[in-house]
Amino acid sequence: VAKPSHAVSKPGMQIFNDQQELFEFFSPRGQQTNPQYNHRGLPYLVQEYIQGNAFSIMGHVVNGQVTVDFAYDIETDCKPYASETGCVFPSKHNTAAVIPYIKKFFDYLEINNTIWMFDLVVDQDQNFYFVDFGARAPTNPQLLVKYSGETDYAAKIIDCLFNDQQFVLNNTQAVIWRQFKMPAGLIESIECKRPDLAEELHLPQRAIWTPTT
């Protein structure tokens, strides 16, 4: 898999079946004709592609104690471009199994008293691969946290980090966030046949623009 070193979401990223496809992607012709080629002025990264299911976890570490606060599965589509098209809570994966690895990681780098997030891939043999880390709160799952029932996560995590107050998230509802797979064009109307499952949808006056990269 090739992706720009300045990778934000998935623009510029592509999965290859063999070495020849990789060479064609970086060839002068490929750089000029492949709309997916987008280096953003920085070198490309070439990595082994791990076949499996992607999921993300976020949590906190206080006084060396690692806690997973929230986990969700990532839906991908449009191979070979691996666009993230949806998020599902709760995750079907065993997040408790990765805590010892996270603790070892934090102990080695002396990371403590912070929030954190990881993106992972689990293969068919239930091997975990850590592919992304940040000592911060992730952006995408905040909507999932809210609609799962927890509206005070920010306040709770601040009290935990600064005042050593333990907390439990009030996330009792399942949530699916998903991109609409619609052809390009103007949507004139949208109807919800199960209004009990939706809050309310306000259409803008003109159009909704959907990202396709």
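## Sheet, cores and aromatic pairs

The strands of an open, six-membered sheet follow the order β7-β6-β3-β4-β5-β8, and their pairing is antiparallel. The edges are taken by β7 (128-134) and β8 (175-178); each has a single partner strand, so one side of each is left without a neighbour in the sheet. On average, neighbouring strands are turned by 25° against each other, direction ignored. The structure described here is a predicted model.

Within the sheet, β3 and β6 are joined by 9 bridges in the antiparallel sense. Helix α5 lies across β3, β4 and β6, and runs at about 45° to β3.

**Nonpolar cores**

The largest nonpolar core comprises 16 residues, and those with the most contacts inside it are Met58, Phe70, Tyr72, Leu144, Val145, Tyr153 and Phe167. Two or more residues of this core come from each of β3 (53-62), β4 (65-77), β5 (83-89), α4 (141-147) and α5 (153-163). Apart from it lies another core, of 13 residues, including Ile57, Val66, Ile111 and Val122.

Tyrosine 153, a member of the largest core, is in contact with Met58, Gly59, Asp69, Gln142, Val145, Phe167 and Leu169, leaving aside its neighbours within four places in sequence.

**Aspartate 119**

Strand β6 (residues 114-122) also contains aspartate 119. This aspartate counts as buried because its relative accessibility is 17%, under the 20% limit. Beyond residues up to four places away in sequence, aspartate 119 touches Phe55, Ser56, Ile74, Tyr129, Phe130, Val131 and Asp132.

**Aromatic pairs**

The model has 19 aromatic pairs.

| Pair | Centre to centre | Angle between planes |
|---|---|---|
| Phenylalanine 25 and tyrosine 44 | 5.6 Å | 80° |
| Phenylalanine 105 and phenylalanine 118 | 5.7 Å | 70° |

Phenylalanine 25 belongs to helix α1 (residues 19-26) and tyrosine 44 to strand β2 (residues 44-46), so that the pair links distant parts of the chain, 19 residues apart. Both phenylalanine 25 and tyrosine 44 are buried.

In the other pair, phenylalanine 105 lies in helix α3 (residues 99-109) and phenylalanine 118 in strand β6, so parts that are 13 residues apart in sequence are tied together. Phenylalanine 105 counts as partly exposed, at 30% relative accessibility, whereas phenylalanine 118 is buried, with a relative accessible area of 3%. Phe105 and Phe118 also belong to a cluster linked by ring pairs, together with Phe106, Trp116, Phe130 and Phe133.

Note on methods
Residues numbered from 1 in each chain as written. Predicted model: local features only at pLDDT ≥ 70, side-chain atom pairs only at ≥ 80, totals over all residues. Heavy atoms only, no water. Core = buried A, V, L, I, M, F, W, Y, C linked by side-chain atoms within 4.5 Å. Buried < 20%, exposed > 50% of the residue type's maximum accessible area, 1.4 Å probe, protein only. Helix = DSSP H or I, 4+ residues; strand = E, 2+ residues; numbered from the N terminus. Contact = heavy atoms within 4.5 Å. Pairing = 2+ DSSP bridges. Axes fitted to C-alpha atoms, helices over the stretch in contact; angles between N-to-C directions. Phe/Tyr/Trp six-rings, centres within 6.5 Å; stacked < 30°, edge-to-face > 60°.
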